[in-house]
Amino acid sequence: MESTSGAHKAPLKHTPLNALHKQFGARMVPFSGYQMPVQYKAGIIKEHNHVRQVAGLFDVSHMGQAIIHGENPALNFEKLISNNITDLADGYMRYSLLTNESGGILDDLIVTRRSTDSGREDIHIVVNANRKDTDFQYIEENIDQFCTLEVLDELALIALQGPKSEEVLTRFNTRVADLVFMSSLETMINGIKCFVSRSGYTGEDGFEISLPASKTEDFTLRLLEEPEVKLVGLGARDSLRLEAGLCLYGHDIDTNTSPIEAALGWVVDKQRCELNSFPGAKSIFKQITEGVSRRRVGLLPDGPIPLRESTLIIDNVGREIGYVTSGGYSPTMERPIAMGYLEISHSNLGSKVWANLRGKKLELTVVSLPFVKHQYHRGV
Amino acid sequence: MSNRRYTEDHEWIELEGNIGVVGITDYAQEQLGDVVFVELPDVGIRLTKSDELGVVESVKAAAEIYAPASGEVVEVNEELSSNPSLVNDDADGAGWFVKMHVTNIDELNDLMDEVAYSSYILGLQ
């Protein structure tokens, strides 16, 4: 067996729940500069299934949270991202992309438009852990001078995901039941002022709760007293988001992939593309009108062998036509699943393609995403 | 005391005459997490010590398994193809991988015994 231990240059950062993870038997691994729990004693498959069937609690405090305030923060921040946010009602949020001048993706993020107590608007963003320093510097340098970026280092972020999430959280505060998918409110939970949104990265109904780091351990312990709630690590978070067909930055999307290639056209506002009103809009618009040469697709391997990132994909005569960007085992479907990029001519649903794995030719079928139906609470 | 021997890559081999039963250690299965697929060699294949013997796929990652000694594969654990989680449930026993006819029993002298392996994994934690 190959050793999986690695050397690390910088000391790993800790989230406010580091001690709690260890107390609950987590296996801690380096992830995006943090020491994070990849799994607890139950293991990835059981943790994964618990989220799909009941309710799982994740520590995602490694992610970057910040607020943009000042003059017209929505209007000004919108100039850096691929879709609209000025039209968002109070407390509503949208998945969005920070793009570069060539139309590549700098990061994917969640953007919430809020009204503060004083009636002024602010923009709350959550960005990827391994991109936060770059993102925050980029936003500071590129946002209108009358806007300020405030990094919320003193806040933690936890996610409660799964069909029982609402039932659990309403025991603490009934107002959360009023939230629909991709909306948020500031409210007291368990005596602590929290920013709660109905969102997540698992495909399930659920909530993300942003709260002061100093209160997070007590808060989490209290939630764990509820019989439905179990801790879930980053291993299951990855298998859950893959089943949900959601992109992982640095794997499925990066600065070399465009939103159109990534099948994220729904996150791009065509009118703002045409008006060239965000970085890379022109080149993205060209891709919308003229098409792209490759596209992100779902891949279903025939047989029991999981495909891993970077595995090359070939056509029936052995020509290289793409590669896997995320792959693993689906606990829900009890079979391997994957996502990857394929030349456009091979990307139609039902297309057969192949992967060369350890000298064996494995057949893959192009399928639609997500693999497992989203269970978002849309309130209808 | 068993005559089981251990590699630094966390394989074990236990001799019954010239036949060595090979598996991965409990520490290894715990590090790997839920095993979802095990790729085993064909019976009859001759391996040199440290050759790749198979691959264990967990939910997270793939890990290569290396031959702890040179010899010919005489049996593989067919049970693992339908029930790969046997590796997690009983790595030391029912979750064995292959049986091999060991060419040179002296090769096992280079491997760790149980006491040495226990202190070796303690050093990794």
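Is Glu167(A) buried, partly exposed or exposed? I looked up its relative accessible area, and because the value is 40%, Glu167(A) goes down as partly exposed. I note here that I am reading a predicted model, and I keep that in mind for every entry below.

Entry on the partners of Arg171(A). I found that Arg171(A) makes a salt bridge with Glu167(A), with 3.4 Å between the closest N and O atoms. Arg171(A) is itself partly exposed, because its relative accessibility is 40%. I then found a salt bridge from Glu228(A) to Arg171(A), where the closest N and O atoms are 2.6 Å apart. This pair ties together distant parts of the chain, since 57 residues separate the two: Glu228(A) sits in the loop between helix H6 (213-224) and strand E13 (229-231) of chain A, and Arg171(A) sits in the loop between helix H5 (165-170) and strand E10 (184-189) of chain A. Glu228(A) has a relative accessibility of 13%, and because buried means under 20%, I wrote Glu228(A) down as buried.

Entry on salt bridges elsewhere. A search of the whole structure gave me 30 salt bridges over all chains. I picked out the one between Glu78(A) and Arg272(A), in which the closest N and O atoms are 3.8 Å apart. Here too the pair links distant parts of the chain, with Glu78(A) in helix H3 (residues 73-78) of chain A and Arg272(A) in helix H8 (residues 270-274) of chain A, 194 residues apart. I checked the cover of this pair and found both Glu78(A) and Arg272(A) buried.

Entry on a charged patch. I noted a patch of negative charge on the surface, where Asp133(A), Glu150(A), Asp153(A) and Glu154(A) gather. Of these I followed Asp153(A), which belongs to the loop between strand E8 (147-151) and strand E9 (155-161) of chain A. Asp153(A) is classed as exposed because its relative accessibility is 66%.

Entry on helix H7 of chain A. How many of the residues of H7(A) are buried? I counted 9 of its 10 residues as buried, and I therefore recorded the helix as mostly covered, buried being under 20% relative accessible area. The buried residues are Leu234(A), Gly235(A), Ala236(A), Arg237(A), Ser239(A), Leu240(A), Arg241(A), Leu242(A) and Glu243(A). When I asked what they pack against, I found strand E1 (27-31), strand E2 (34-39), helix H2 (44-53), strand E3 (55-59), strand E16 (320-330) and strand E17 (335-343) of chain A. I took Arg241(A) as a case to follow, its place being in this helix, residues 234-243. Arg241(A) counts as buried because its relative accessibility is 2%. Leaving aside residues up to four places away in sequence, Arg241(A) touches Tyr201(A), Leu246(A), Cys247(A), Leu248(A), Asp252(A), Ser326(A) and Met339(A). Just after H7(A), I noted that Gly245(A) has a positive phi of about 70 degrees.

Entry on the backbone. I found a positive phi of about 50 degrees at Glu334(A), although this residue is not a glycine. Glu334(A) lies in the loop between E16 and E17 of chain A, and Glu334(A) is exposed because its relative accessibility is 62%. In chain B, Ser50(B) is also not a glycine and has a positive phi of about 80 degrees; its place is the loop between strand E5 (46-47) and strand E6 (52-58) of chain B. I also looked at the peptide bond from Leu369(A) to Pro370(A), which is cis, with omega near 0 degrees, and I placed Pro370(A) in the segment after strand E19 (360-367) of chain A.

Last entry, on a glycine in chain B. Which residues does Gly23(B) touch, if those up to four places away in sequence are not counted? I listed His10(B), Glu11(B), Trp12(B), Trp96(B) and Phe97(B). Gly23(B) belongs to strand E3 (residues 19-24) of chain B, and Gly23(B) is buried because its relative accessibility is 0%. From C-alpha to C-alpha, I read 15 Å between Gly23(B) and Glu72(B), which are 49 residues apart in sequence.

Key
Residues are numbered from 1 along each chain as its sequence is written. Chains are lettered from A and ligands numbered from 1 in the order in which they are written. This is a predicted model: local features need pLDDT of at least 70, side-chain atom pairs count only at pLDDT 80 or more; totals for chains, interfaces and linings use all residues. Side-chain values use heavy atoms; hydrogens and water are left out. Patches are made of residues with over 30% relative accessible area and no salt bridge: like charges are joined within 9 Å, nonpolar side chains (Val, Leu, Ile, Met, Phe, Trp, Tyr) within 5 Å. Accessible areas come from the Shrake-Rupley method with a 1.4 Å probe; for residues, only the protein chains shown count as cover. A salt bridge is a side-chain nitrogen of Lys or Arg within 4 Å of a carboxyl oxygen of Asp or Glu. Lys and Arg count as positive and Asp and Glu as negative; His and the chain ends are not counted. The place of a charge is taken as NZ of Lys, CZ of Arg, CG of Asp or CD of Glu. Helices (H or I, at least four residues) and strands (E, at least two) are DSSP runs, numbered from the N terminus. Buried means under 20% relative accessible area, exposed over 50%, partly exposed in between (1.4 Å probe, protein chains only). Contact means heavy atoms within 4.5 Å.
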